[in-house]
Amino acid sequence: MNFPILSIITFLPFVAAVIMLLMPADRKTEVRGVALATAAIDLLLAGWMYAQYLLRDLTGYQFIETYNWLPALGISLKFGVDGMSAPLVLLTGIVMFTGVLISWGDDDKHVMAGIQDRPREFFAFLFLLAGGVFGVFVSLDLFMLFFFYEIAVFPMYLLIAIWGWVVTREYAAMKLTLYLFIGSVVSLVGALAMYWTQYQNTGVLSFDMIQMESAGFSAAFQYAWFLPVFFGFAVLGGIWPFHNWSPDGHVAAPTAVSMFHAGVLMKLGAFAALRVGVMLLPEGAKQWSWLIMAFAGVAVVYGAYIAFVQTDMKYMIGFSSVSHMGLVMLGISTLNHNGLVGAGVQMFSHGIMTALFFAITGMIYDRAHTRMIPELGGISKVIPFATIGFIIGGLVSMGMPGFSGFVAEFPIFMGVWEEQWLVAVIASISIIITAAYIMINIRKVFFSPMPEKLEGHVGDITILDKVAISTLCFLMIVIGVFPAVMVPMVEKGVENIIRLLGGA
Amino acid sequence: MFTSQIFASILPEILILVLGILILVFEPFWKEDQRRNAGWLTAGGLFAAIIISLLFGQPGEPTSVLGGMIRFDWLGFFFKLLFMFAGAVTALLLMDHKTAGHRGEAYVLLLASLLGMNLMAVSSDLVMLYLAIETASIPLYILAGFLLADERSTEAGFKYLLFGTLASTIMLYGFSLIFGFAGTTNIYQLSEILAAGNLSVLLAFGLVALVTVGLGFKMAIVPFHFWAPDVYQGSPTPVAGFLSTASKAAGFAVVVRFFFVALPAFAPSWTLIFAALAAITMTVGNLLALTQTNIKRLLAYSSIAHAGYALIGVVAFSQLGAASVVFYLAAYIATNLLAFGVVMAFSRITGLEEITDYAGLSRRNPLMGLMMLAAFLSLAGMPPFGGFVAKVFVFAAGVQANYTWLVVVGIINSIFGVYYYLNVLKYVYLYRMEGENEEQHPVPLTRPYAIALVVLAIGVILVGTVFAPWFSWSDAAALNLF
């Protein structure tokens, strides 16, 4: 038995959450300390796991752990990562770590980001969420995937409703929870149908997804059940027309939760849709790929356009997430090598980029007390560090070569072109719109003269914030300059998917 | 002949009886302010009875004992353990009830009702079954109306009595018709006779309907649910908790045994009836729960809805179906007792029962806020709490039995559920008391509540995470039916 690294990564946040809840409520600093220590350990473990996979040139599912949980129904706690999920585990570790850093908040200037009110509960719920997210990424058992998926959904409600932006938080939190819950239970019915059909076909009673890959689902079954399974999960991936919960949720959430939400949770949806929908029902995927492509194509352009007309920075980033997640879905819908590789890298790249955007927006809002783009200005003079961060994030968002966004988006467009050149042309419009709104935003918020109202009120960010920003920026540049640290790994995951799709 | 096996088969009941007598004997000697100690005695005694039964009273191969009156098997045994657990927790919750808690009679009535429920779970004869149901019900009528000074409670007791007797009379009529056609009252002999008896479908339908009225009343499924909200609201809160968990589960224990064992020949007709009832029960329960403002009424409607979910397992009519029902009830008992426990502990200090009164609870007592969170998320079917796995199992059984439409109805309903459960949590966690000075209004927990709530919360999480042992017990219980 090897070192059970994946279960430690997954269960450590749960343990930390319980420990924090047991600590006295007034020990705010100690609670934050436990949170930071846990996040750091998890990040180190995830990084080590990632490095191992990369450096030892591993392929297929690795670090597999299996514990029989309920043999009577074939439920086991089976963990493992492949080239697709390993980057996402690392991403979760990074977002968790930086999220804790920017939520530290021991000075009064912080309003949204710094959690003054009941930090104990805040970090405990945040870590429950993080544990659930890790669980989904590493689960190879369908039942456990749902188990962790639901765990990742419900803390969102509390995190947004309690610590969110007071104007919309109740509405947004309930909307988000209901959307995601509906999506997940729709998928659950599909999963149960798959489970029993597998039993009929092969006599094996098991939720093991690797086993289910060879369950021999009939084509008719796949055509029928692919849609509920895929779109049930894709709701969380923010696919158009089920994306409506997402910008509202982003805007209402406190900064760290926005980072988690856009950075990691939406990947959860796309990842689960890929793993359960496409990989287990490949014939269904081939049948319906045109529909996903159409929806994703709309999401890419429409999301970018709606982002362009926003005046609230958080709404702008929220809709840009819809647009970028649309690119992920577009990559998945191609079902070819390039598109899937691009989708895999884009999930990581977008996760980091959007976490950075939300972190910086949160920092500006905390100091200027507004997020309205027309009311802001001159931020570059007072917070130069955040300005640089935002520009780097913007370049990633536009898909500039040398940054991770290019490494991700270029293969996606190549893949789409292979399948349907028209969609690629239409979708590429989004790049122009994205460049436009990002640059307008940078000019107005960071470089225009500062409005009188803000003069003298806006101070610099803390050292912890700077650490968070530099970590995120560093990663985006590293992947952009050395794609070899991620692309070959994702390619190995994609090979497996291509094999399941019949080697197309 | 009185063998050790017969002794083992009714060991829990003997222990309960002894416990009841002990309380009756000691209670007059205790001073007024010590009488709540009867609660410690009841709870401790029941926990001891659970342990003793587990040590000496475990069933082996299913056998009929006492002249075929009682079936000694895992199904009955597992239900007995559940009932005794619920009884023990209810006794703890009763202790600090302002009026009921200081009266020894309350505990004795609780034990008497528990005795009846235990016998309901094992009865294998219609006569025995009827007696058991009445033994379980009559003490509960009294307990529901226990607060003499409170009009609501009196109304609850009386309403419960009227509805209860009506339902059990109709059921008795059904039983007598069955006896008339089959010539036996033994459930295990009935199945062959009824299968060979060439009864017309219409008649089978009628018999099933008559029996369903009585059992549906116990389970509080629509359309036999009208009593539930008023009775829950009026009765002492711990009694309402007991009614909504143990009493409901006892109804299910009878349904599972009676329909699975005695009426497989009529299966197509009764699974259809139950499918329709399940769909209506879930929908009506959840829709009405949406509009409630009183927490006890909300829980009443939610418990109606949960009976609907559990019925999906009955409808499936398979081993997995039965196992999932048993598992569902185990999870549900722990969860709902936890919810009622928090409600009881809260209203004891504040005297309030509206949902809006819960504003700021998580600041007034963070532990209670967490308990409420665990209970309501479990009711909503969220992991890592018991409600999630339980729901997945009944849904799995439903899909397996090709009742996908019913599962879809269940899923739509659980979405409604999420909405109103989260709505309560919104008050607990998000809203603040008027004046925002929660620190000055703490809600302390007394020791019995602390013990009961912590045990229940751990139970809810254990059922939801380490579910293998519970499921294999449920499965062993279900195995006895086939």
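Student: OK, so two residues count as in contact if their C-beta atoms, placed from the backbone, lie within 7 Å. With that settled, what covers the buried residues of α2(B)?

Tutor: Keep in mind that this is a predicted model. The cover over the buried residues of α2(B) includes α1 (4–9), α3 (37–56), α4 (74–95) and α5 (104–122) of chain B.

Student: And which residues of α2(B) are buried?

Tutor: They are L11(B), P12(B), E13(B), L15(B), I16(B), L19(B), G20(B) and I23(B).

Student: Let's hop to chain A. What's buried in α19(A)?

Tutor: M489(A), V490(A), E491(A), G493(A), V494(A) and I497(A) are buried there. Their cover includes α2 (28–55), α3 (85–102), α10 (255–280) and α13 (337–368) of chain A.

Student: What follows α19(A)?

Tutor: G502(A) does, and its phi is positive, near 95°.

Student: Is L335(A) buried or exposed? And why?

Tutor: L335(A) is buried because 22 other C-beta atoms lie within 10 Å, and the cut-off for buried is 20 or more. L66(B) has 16 other C-beta atoms within 10 Å, so it is partly exposed.

Student: Where are the cis peptide bonds? Take W240(A) and V222(B).

Tutor: One joins W240(A) and P241(A), with omega about 5°; P241(A) is in the loop between α8 (219–234) and α9 (245–252) of chain A. The bond from V222(B) to P223(B) is cis as well, with omega near 5°, and P223(B) is in the loop between α9 (201–219) and α10 (227–234) of chain B.

Student: New topic: how many residues does each chain bring to the contact between them?

Tutor: Chain A brings 24 residues and chain B brings 27 residues. On the side of chain A, the elements giving two or more residues are β1 (62–70), α5 (142–163) and α6 (169–202). The most comes from α6(A), with 11 residues.

Student: What kinds of residues are they on the chain A side?

Tutor: That side divides into 21 nonpolar, 1 polar and 2 charged.

Student: You mentioned β1(A). How many bridges join it to β2 of chain A?

Tutor: There are 6 bridges between β1(A) and strand β2 (residues 75–81) of chain A, and the two run antiparallel. T66(A), for instance, has K78(A) as its bridge partner in β2(A). The hairpin has 4 residues between the strands, and G74(A) takes a positive phi near 70°.

Student: Last one: which residues have the most contacts inside the largest nonpolar core?

Tutor: V315(B) and L338(B), in a core of 401 residues. Helix α14 (residues 319–350) of chain B gives the most to this core, with 22 residues. Among the residues that L338(B) touches are M371(B), L453(B) and V460(B).

Notes:
Residues are numbered from 1 along each chain as its sequence is written. Chains are lettered from A and ligands numbered from 1 in the order in which they are written. This is a predicted model: local features need pLDDT of at least 70, side-chain atom pairs count only at pLDDT 80 or more; totals for chains, interfaces and linings use all residues. Ala, Val, Leu, Ile, Met, Phe, Trp, Tyr, Cys and Pro count as nonpolar, Asp, Glu, Lys and Arg as charged, and the others, Gly among them, as polar. Two strands pair if DSSP finds at least two bridges between them. A nonpolar core is a set of buried Ala, Val, Leu, Ile, Met, Phe, Trp, Tyr and Cys residues joined through C-beta atoms within 7 Å. A residue is buried if 20 or more other C-beta atoms lie within 10 Å of its own, exposed if 12 or fewer, and partly exposed in between; C-beta atoms are placed from the backbone. Lists of a residue's contacts leave out its neighbours within four places in sequence.
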